[in-house]
Amino acid sequence: MTEPPVLDVRNLRVDFPGRHGTVTALSEVSLAIRPGEILGVVGESGAGKSMTGLAVQGLLEPPGHVAGGEVWLNGRRIDHLSNREMEKIRGREIGAIFQDPLTSLNPLFSVGAQLVETIRLHLGLGRADARRRAVELLTEVGIPAPEERVDHYPHQFSGGMRQRVVIALALAARPRLIIADEPTTALDVSIQAQITALLRRLCDDHGTAVMLVTHDMGVIAETADRVAVMYAGRLVEIGPVAEVIARPRHPYTRGLMGSIPALGARVARLAQIDGSMPRLDAIPPGCSFNPRCPQVMARCRTERPGLTPAGAGLAACWLAQEEALA
Amino acid sequence: MIVFLIKRLFNAVMVMLVVALMAFMIFRFVGDPIQLMVNEQTTQAEKDALRQSLGLNDPFPVQYARFVAHAVQGDFGVSYRNQQDVMSLIAERFPATFELVLVATIISLVVGVPLGVVTAIHRGRWFSEGLQFLSIIGVSLPSFVIGILLILVFAVMLNIAPSFGRGDVVAIGWWTTGFLTPSGRAALVLPSIALSFYQITLVMRLVRAEMLEVLRSDFVKFARARGIPAWRIHYRHALRNCLMPVVTMTAMNVGSLIAFALITETVFQWPGMGLLFLQAVTFVDIPVMAAYLCIVSFIFVALNTLVDITYALIDPRLRAARS
């Protein structure tokens, strides 16, 4: 664990100024990913998981912007770079995988044309070399008959195969970091396992760091090394996957775990967390989870807990702090 | 692809046959052609003989078949008004209109498409909103007002462009072109601008609307995440996805401009088909009207077929579905 992290996000804050005042979409988000490591980022819709990925890539939709904190990539600070400078980083140092492979490819260009475009742009290869590399990439992500498939158009591929093409595009310039935003959500369960296995293999083979954004705890359990749990724009818990799953420290994480069906366990009904996540412009004082927390204490309603060591990881919870001290 | 082409051609032929039927019925049943051809001293016997010799006593389908057979060879009979062969009358006028429409269409695309892209990318900026506002004026100003204003400013006040006529033309076979002489090219400037004004704003608004739609799509975001430079995303990835409606609209516009560039042609005294048609209507010159109907429909059908083929060239999904 002495290797420097590929991605180091420190105290990141993202603001969306609007007509009715500024909404803070992310605050105090700190996480780091080392080479060859897969960090899972989980949470409900709107918790800020995808936003974190977009902020790192400099792809926030205006008027959203990074309002505080730092993003370091391969030892270089990138959060204040211009869009033109970020264009050189995106694709080259950060590969991206999107949720829906059906819509992330341009329908009017062959997959080869899109691969060649990306490869030539980042690696400066000639047309013939870039095409050879495109075929290699398709082979690497497990597309059969790549020589032939390279000239096909996106609509000629199945969903799973298209996601492989998207991964090949993300890998085109051998980035050291890949941000995968719900890469398996739009796919069949059987295909999901293949795609996560592919990500795991690429990560192990090339030492690529992966930020795996998903709401699916099952995918995290199978694929990730560490997991970061987000709630209402903040990190509530972060730690090694096995540890967080076996002994979640934050009541929200416990709630998430309770909502996963376990094989063989006979329960009438899956546990669920009552209520819903607060809107970002109406976050309660104190701990933002307090209105839904089954173990809420008086302190939770007034004071916001920071991330403190809990077990092998960190958790933002007064209860977890007390347990750690005890 | 070949099956698709054959199907399209078959459709086109069917449409043309129906149009020919309509043209024929106008020709045959609006008034009595014999009555229009003869003078008052002609006897009934002579009229009957003429009717017989022209085949007007034959059954309806036979007459229709004969009309189609002649029309295919470009024979639409003789104009009632000036006893000239209808086809040569139209052939004389067609190049003038075609060249005018061609130049106007090129101008509208070359100016309209980039304006549409720019106003879509910079939505909300002052120049984008300003152009959008100006385009409303462009759409709502009638073309004769624009034509007269252009004549006033550039021909009368500044005296830098001719205000009427085609200038000198060069004959290439039966085609006459104004592209090859300086006065011919100069004469094209004002009318083609007047004609393209409305088209520019239409193309611009269409491209803008389509671009705004496409720029929201996932593949544009993914292209950004791949580090593709912004200009390349806009002009290569996004624009190409906007082209289909633009192609359709342009083709339909070319058709209607050729058929009905009438107002602009009148303002600039352009010796095109619009003027010919206007005269044919005034004099109830039925052979000219029938021929005009057939030719205009032929242009529309041909353009439509061309559009369908272009679709398949732009979008690979259509190629697959049709082959």
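How are H12(B) and H13(B) oriented to each other?

A: In this predicted model, helix H12 of chain B spans residues 273-282 and helix H13 of chain B spans residues 286-314, and the two pack at an angle of about 135° with their axes 8 Å apart. An angle over 145 degrees would count as roughly antiparallel, and 65 to 115 as roughly perpendicular; H12(B) and H13(B) are therefore oblique to each other. The crossing in which H12(B) passes H13(B) is left-handed. On the side of H12(B), the residues that meet the partner helix are B:Phe277, B:Ala280 and B:Val281, and in H13(B) they are met by B:Val288, B:Met289 and B:Tyr292. Sorted by class, this contact of H12(B) with H13(B) comprises six nonpolar residues, with no polar and no charged ones.

B:Arg208 belongs to helix H8 of chain B, which covers residues 182-215. With 24 other C-beta atoms within 10 Å, against a cut-off of 20 or more, B:Arg208 is therefore buried. When neighbours within four places in sequence are left aside, B:Arg208 is in contact with B:Gly116, B:Thr119 and B:Ala120. Of these, B:Thr119 lies 89 residues from B:Arg208 in sequence, yet their C-alpha atoms are 6.4 Å apart in space.

Turning to the meeting of the two chains, 24 residues of chain A are in contact with 18 residues of chain B. On the chain A side, helix H2 (83-89), helix H3 (101-104) and helix H4 (111-123) each supply at least two of the residues that touch chain B, and H4(A) gives the most, with four residues. The residues on this side of chain A divide into nine nonpolar, nine polar and six charged.

E10(A) pairs with strand E9 of chain A (residues 226-231) in the antiparallel sense over six bridges, and A:Tyr231 stands opposite A:Arg234 in E10(A). The hairpin of E9(A) and E10(A) has two residues between the strands, and there A:Ala232 takes a positive phi near 50°. E10(A) is also joined by two bridges to strand E12 of chain A (residues 313-315), again running antiparallel, with A:Ala315 in E12(A) as the bridge partner of A:Glu237.

Definitions and conventions. Residues are numbered from 1 along each chain as its sequence is written. Chains are lettered from A and ligands numbered from 1 in the order in which they are written. This is a predicted model: local features need pLDDT of at least 70, side-chain atom pairs count only at pLDDT 80 or more; totals for chains, interfaces and linings use all residues. Axes are lines fitted to C-alpha atoms, for helices over the stretch in contact, and angles run from 0 to 180 degrees between N-to-C directions. Angles under 35 degrees count as roughly parallel, over 145 as roughly antiparallel, 65 to 115 as roughly perpendicular and the rest as oblique. A crossing is left-handed if the near helix is turned anticlockwise from the far one by less than a right angle, and right-handed if clockwise. Two residues are in contact if their C-beta atoms, placed from the backbone, lie within 7 Å. Ala, Val, Leu, Ile, Met, Phe, Trp, Tyr, Cys and Pro count as nonpolar, Asp, Glu, Lys and Arg as charged, and the others, Gly among them, as polar. A residue is buried if 20 or more other C-beta atoms lie within 10 Å of its own, exposed if 12 or fewer, and partly exposed in between; C-beta atoms are placed from the backbone. Two strands pair if DSSP finds at least two bridges between them.
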